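Me: Hi! Could you walk me through a couple of spots in this one?
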Amino acid sequence: MTSKQQSSPHQFPDGSDAFPHRHLLGIAGLQPWEILFLLQEAGQWVDLNRKSSKHASRLEGLTVINAFFENSTRTLLSFEIAGKRMGADVVNMHAAHSSVKKGETLIDTAVTLNAMRADAIVIRHASSGAVSLIADKVDCPVLNAGDGSHEHPTQALLDALTIQRRKGDISGLTVTICGDIMHSRVARSNIYCLTTLGARVRVCAPPALLPAALDQMNVETFTDFNAALDGTDVVMMLRLQNERMSGDFIPSPREYHHLYGLTRDRLALAGEDALVMHPGPMNRGVEISSDVADDADRSAITEQVEMGVAVRMACLDVLTRRSRKVEGWS
């Protein structure tokens, strides 16, 4: 990022007042300075992760449990690397191995995890609200790694960090989010995050994939992708969440790509230096063409993955400061 793109430094409240929350369950309700504080904290870990020696001892002696009741290789790996690079003992609990599969209730699992005296628990679950339910039953910080169609807060934070490092101040930017808005927790968290930071957010999808709740989310709604792209600074593409769909929401993948796929010609309708993003995994040839996804100048997709590790390191650090008795974090 050039010096021209550097965001101006922000002044944050001291100590725990900078982020007074015990858990990170979602972006909704966070204040702008709380989001910006987490992004600033992540910056130091970006620098560490680019060194030949990537180990820190910040969480040495602590145990982090990654409890994934829903599969996600990418997010699980990112959280695992984040914990290990900070010196924590990291334990992964996979859904296929969970007693929940054998009839144990979610509350029973929460009580069991709590009895293991973890210092932080990262949870991914297919049901909206499941992470909050577990957080109410444990004594340590809980990080939401995605719950149903509700929220995916660390994805929104890593996306914001990517935009910030490429574009500078997020306030005033126009961001277009296109794809399966109805079933996407990534879209929801990004809308909360970006609008809170002052961005103008447009969402675009076929009518069947636009939830009614958008009316209360301070966004501009489009069904014409070409119109949504006009003059935008950032284009964020989302995959079709087929695993959460019941019924036919689109005529066919080919027709969807024709109307809503991000191609080279369609990208030309956006701003001259519009940034291309995608949370992954991508369906090439459906929501995005390969030449756009692999564009070294315009695409920030691999950078998003890099920022994800740094953001998750920052969140684990900040949320465990009270238990580590860091000065000012009582």
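Me: Which sense do β5 and strand β6 pair in, and over how many bridges?
Reply: Strand β6 (residues 200–204) and β5 pair in the parallel sense, over five bridges; pairing needs at least two DSSP bridges between the strands. Strands are DSSP E runs of at least two residues, helices H or I runs of at least four, numbered from the N terminus. Keep in mind that this is a predicted model: local features need pLDDT of at least 70, side-chain atom pairs count only at pLDDT 80 or more, and totals for chains, interfaces and linings use all residues. Residues are numbered from 1 along each chain as its sequence is written, and side-chain values use heavy atoms, leaving out hydrogens and water.

Me: Nice. What stands opposite C178 in β6?
Reply: That's C204.

Me: And what's on the other pairing, with strand β8?
Reply: β8 (residues 234–237) pairs with β5 in the parallel sense over four bridges. There, V234 is the bridge partner of V175.

Me: Is β5 buried or exposed?
Reply: Five of the five residues in β5 (residues 174–178) are buried, meaning under 20% relative accessible area with a 1.4 Å probe, protein chains only. T174, T176 and C178 point one way, V175 and I177 the other.

Me: Switching to helices: at what angle do α1 and α11 pack?
Reply: About 120°, with the axes of α1 (residues 32–49) and α11 (residues 301–319) 8 Å apart. Axes are lines fitted to C-alpha atoms over the stretch in contact, and angles run from 0 to 180 degrees between N-to-C directions.

Me: Which residues of α1 make the contact?
Reply: Among them are F37, L38 and W45, while the α11 side includes M307 and M313; contact means heavy atoms within 4.5 Å.

Key:
Buried < 20%, exposed > 50% of the residue type's maximum accessible area, 1.4 Å probe, protein only.
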